[in-house]
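Okay, thanks for coming, everyone.

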There are 2 protein chains.
Amino acid sequence: MDKTAYLDAARRHCESRGCRLTELRQQVLELVLEHPGVVKAYQVLADLQRQRGAAAPPTVYRALDFLVEQGLLHKVDALNGFILCHHFDCPHDGLILVCERCGGVEELDATGCLSSLTDAMGKVGFTPRAQNLVLTGTCRSCQA
Amino acid sequence: MDKTAYLDAARRHCESRGCRLTELRQQVLELVLEHPGVVKAYQVLADLQRQRGAAAPPTVYRALDFLVEQGLLHKVDALNGFILCHHFDCPHDGLILVCERCGGVEELDATGCLSSLTDAMGKVGFTPRAQNLVLTGTCRSCQA
DNA sequence: TTTACGATGTTATACAGTAACATGTAGCCT
DNA sequence: AGGCTACATGTTACTGTATAACATCGTAAA
């Protein structure tokens, strides 16, 4: 899927949920799109400032929060960063592996693996926040 | 296990690993112990300042990092906080559930559940950072 | 047109974490 | 004892992350 198609799909996704992918939000999404792996909010802020001359933290955080809420991005708490979510339109159990060294992202389909986890959680009445599990660690090529 | 016994066990645990649970480190551990669930670094800092009059962030962070390294605490990235680890002496795959609303913590033994996860990760050469998986969500009593 | 609401701008500040260097302290070696 | 070494702690200053609170603007419905 090329960039234009992706943005179109993202826009339709938002609208189908009763929200608007405004110009600012799309601009932020495009900036995230530019980066291969994990993106930091203040990196996006710097990019945004280069493009429009002025921007403050809340501007970026509001847009990022919106995109996370729509399922277009995932927050990687361990790294204080954000990553793109492919598959925002087909909800499934994903396992997202983020390398702490190179920032690379790898996605596994972990539906099978996660079912026993969610079973265990369900038994104690616990509802996990996100359907996609984001883990940090070290990828194969960074093992040293 | 009461507090004194716990601290003794913690001390022996550190010493068996060639480290010392110094007075400061124990003091920080006790402060964490005071709180039922998730504790924030700056909360510990404030407590510490009340007890000894002066303390700076590095003092607290160094102690907390040490305790995490020894396995006595876990860091909860999603909440920028720390929680106690019971079972620091019997290494096993734990699943730690943190409620976003009440801050409560629940630990499951998830050895079985996690094996399929680690299998899947191993297949792509990925090494997860921590052996304990920390998830956030909503606990039974906070489901509302 | 007015009203209401959601989005954005703006300022200031709170919260989280670390770099770099100074000082202290305990054990070891000669 | 004296000095060396390694680790622990103190201190200052800073960078990075995130949000509160309020002002403004645009758009769409009443």
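So, to start: is Tyr42(B) buried or exposed? Tyr42(B) is exposed, with a relative accessible area of 51%. For the cut-offs, buried is under 20% relative accessible area, exposed is over 50%, and partly exposed is in between, using a 1.4 Å probe and protein chains only.

Quick housekeeping. What you see is a predicted model, where local features need pLDDT of at least 70 and side-chain atom pairs count only at pLDDT 80 or more, while totals for chains, interfaces and linings use all residues. Residues are numbered from 1 along each chain as its sequence is written, chains are lettered from A and ligands numbered from 1 in the order in which they are written, and side-chain values use heavy atoms, leaving out hydrogens and water.

Back to Tyr42(B). Tyr42(B) makes an edge-to-face aromatic pair with Tyr61(B), at 6.3 Å centre to centre and 65 degrees between the planes. Here, rings of Phe, Tyr and Trp (its six-membered ring) pair if their centres lie within 6.5 Å; planes under 30 degrees apart are stacked, over 60 edge-to-face, and the rest tilted. Tyr42(B) sits in helix H3 of chain B and Tyr61(B) in helix H4 of chain B, so the pair ties together parts 19 residues apart in sequence. Helices (H or I, at least four residues) and strands (E, at least two) are DSSP runs, numbered from the N terminus. As for Tyr61(B), its 33% relative accessibility makes it partly exposed.

Now those two helices. H3(B) covers residues 41-52 and H4(B) residues 57-69; their axes come within 9 Å and cross at roughly 115 degrees. The axes are lines fitted to C-alpha atoms, for helices over the stretch in contact, with angles from 0 to 180 degrees between N-to-C directions. Which residues meet there? From H3(B) we have Ala41(B), Tyr42(B), Val44(B), Leu45(B) and Leu48(B), and from H4(B) Pro57(B), Thr59(B), Val60(B), Tyr61(B) and Leu64(B), where contact means heavy atoms within 4.5 Å. By class, that's 9 nonpolar, 1 polar and no charged residues. (Nonpolar is Ala, Val, Leu, Ile, Met, Phe, Trp, Tyr, Cys and Pro; charged is Asp, Glu, Lys and Arg; the others, Gly among them, are polar.)

Over to chain A for another ring pair. Over all chains the structure holds 4 aromatic pairs. One of them is Tyr6(A) with Phe88(A): centres 5.8 Å apart, planes at 75 degrees, so edge-to-face. Tyr6(A) is in helix H1 (residues 3-16) and Phe88(A) in the loop between strands S2 (81-84) and S3 (94-99), so parts 82 residues apart in sequence are tied together.

Most residues other than glycine have a negative phi. Chain B has a case too: Asn80(B), with a positive phi of about 50 degrees, in the loop between strands S1 (73-76) and S2 (81-84).

Last stop, cysteines. How many disulfides over all chains? The search finds 0, counting sulfur atoms within 2.5 Å as a disulfide. Cys139(A) is in no disulfide either, with the Cys99(A) sulfur 3.7 Å away.
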